[in-house]
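Here are a few exercises to work through with the structure open beside you. Try each task before reading its solution.

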Protein chains: 2
Amino acid sequence: MPRSRLSGSFSTPRVDVVIDMGNPVLNVAVDGFIKIGAVAATRAAAEDAYHSAKSGNMSFDKLEHSFKKMCKEGAYWGTAAGLYAGIEYGAMKVRGTRDWKNAMIGGAMTGLVISAASSHDRDKVIMDAITGGAIATAAEFLNYLT
Amino acid sequence: MPRSRLSGSFSTPRVDVVIDMGNPVLNVAVDGFIKIGAVAATRAAAEDAYHSAKSGNMSFDKLEHSFKKMCKEGAYWGTAAGLYAGIEYGAMKVRGTRDWKNAMIGGAMTGLVISAASSHDRDKVIMDAITGGAIATAAEFLNYLT
C-alpha cells in the first residue's frame with residue numbers, strides 16, 4: 001500500500017497517519033485532507049489563542065467556539081486539499097508525466113468545483129478556476145526555486 | 001553562479017531567465033519574482049481573454065487596460081513570491097535544514113510584511129502572518145503527497 005511520503009521531511013510534531021482506502025487516488029486525497037485539515041485547524045487555533053491572549057479572558061463558551069471553528073476550517077481546507085491532491089495525482093497518472101501542468105490542472109479543477117459548490121455565478125466559477133490554476137502553478141514553481 | 005533549477009521540470013513554454021545578483025538569497029528572490037510574476041500576468045491575461053471572448057468585443061482601450069492589469073498583478077504576486085522565496089532560502093541557510101518549518105517561517109514573514117505594508121491594523125497584520133504561514137505549510141505538505 002502507498003505509505004505517506006511525508007515522514008522523511010516531517011520531524012517535530014511527528015504525524016504519520018496511514019489509512020488505506022484500497023485505491024491510490026483515494027489514498028492521496030485522504031492524506032491531503034488529514035494533513036491540510038490539521039494545518040488549517042492549527043491556524044484557527046493560533047488565531048483564537050492570539051485573540052484570547054490579547055483580550056486576557058478565556059471562557060468555556062469561547063473554547064467551544066474555537067473548537068467548532070477549528071473543525072469547520074479544517075474540514076474546508078481539507079476538502080480543497082484532498083480534491084487538489086486527488087486530481088493532481090490523477091492527472092499525473094493519466095498524462096504519465098510529473099510537471100507543473102498537473103498542478104495547474106489540479107488547481108483549476110479544485111477552484112472550479114469548490115466555487116461551483118458555493119456559487120451560481122458562472123463567470124465567478126470560471127475566474128476561480130483560473131485563479132486556482134495560477135495559485136497551484138505558482139506554488140509548484142516556488143517549490144523548485146530553493 | 002546558481003542557475004535556475006526549474007529547467008528540468010519545465011518543458012513547454014520554456015522560460016529560463018538567469019540573472020545573477022551576486023548573492024544567493026537575492027538570486028532566489030529575483031527568480032521567484034520573475035517566475036511567479038509571469039504566472040500572475042498569465043492569469044490576468046486569461047481572465048481578460050475570457051471576458052472579451054464572452055462579450056465578443058475587443059478594443060485598443062481594453063487591450064491597454066489588460067496590459068496594465070497584467071503588469072500590476074505580476075508585480076504584486078512577484079513581490080510576494082520573491083519575498084517568500086528569499087526568506088525561505090534564508091531560513092534554510094540559517095537553520096541548516098530543509099523542512100516544512102522554513103516554508104512556515106517564509107509564509108508567516110511574507111504575510112506580515114505584505115500586510116504591514118498595506119494596513120495599519122495590528123491585529124489584521126498578525127492574522128495575515130498566521131494565515132501566510134498556514135498556507136505555505138499546506139503548500140509544502142501537498143507537495144510531498146504525490
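The exercises below concern a predicted model, and each comes with a worked solution.

**Exercise 1.** Work out which symmetry relates chain B to chain A.

*Solution.* To place the axis, look for B:A139, whose C-alpha lies 3.3 Å from it, the closest approach of any residue of chain B.

**Exercise 2.** Check the length of helix α1 of chain A, then inspect both its ends.

*Solution.* The helix covers residues 24-55, which makes 32 residues. At 1.5 Å a residue it should span 46 Å, and the end C-alpha atoms are 47 Å apart, so the two values agree. Just past the helix, A:G56 has a positive phi of about 80°.

**Exercise 3.** Describe how chain B and chain A meet.

*Solution.* First, count: 47 residues of chain B contact 47 residues of chain A. Because 100% of chain B's interface residues are also interface residues in chain A, the copies meet through the same surface. Next, the area: about 4,300 Å² is buried, with carbon and sulfur atoms giving 69%. Then look for charges: there are two salt bridges between the chains, and B:K54 forms one with A:D123 (2.9 Å, N to O). Finally, α4(B) gives the most to chain B's side, with 17 residues.

Notes. Residues are numbered from 1 along each chain as its sequence is written. Chains are lettered from A and ligands numbered from 1 in the order in which they are written. This is a predicted model: local features need pLDDT of at least 70, side-chain atom pairs count only at pLDDT 80 or more; totals for chains, interfaces and linings use all residues. Side-chain values use heavy atoms; hydrogens and water are left out. Copies are superposed by least squares on the C-alpha atoms of residues with pLDDT of at least 70 in both. Contact means heavy atoms within 4.5 Å. Helices (H or I, at least four residues) and strands (E, at least two) are DSSP runs, numbered from the N terminus. The expected span of a helix is 1.5 Å times one less than its number of residues. Buried area is the accessible area (1.4 Å probe) that two parts lose on being put together, summed over both. A salt bridge is a side-chain nitrogen of Lys or Arg within 4 Å of a carboxyl oxygen of Asp or Glu.
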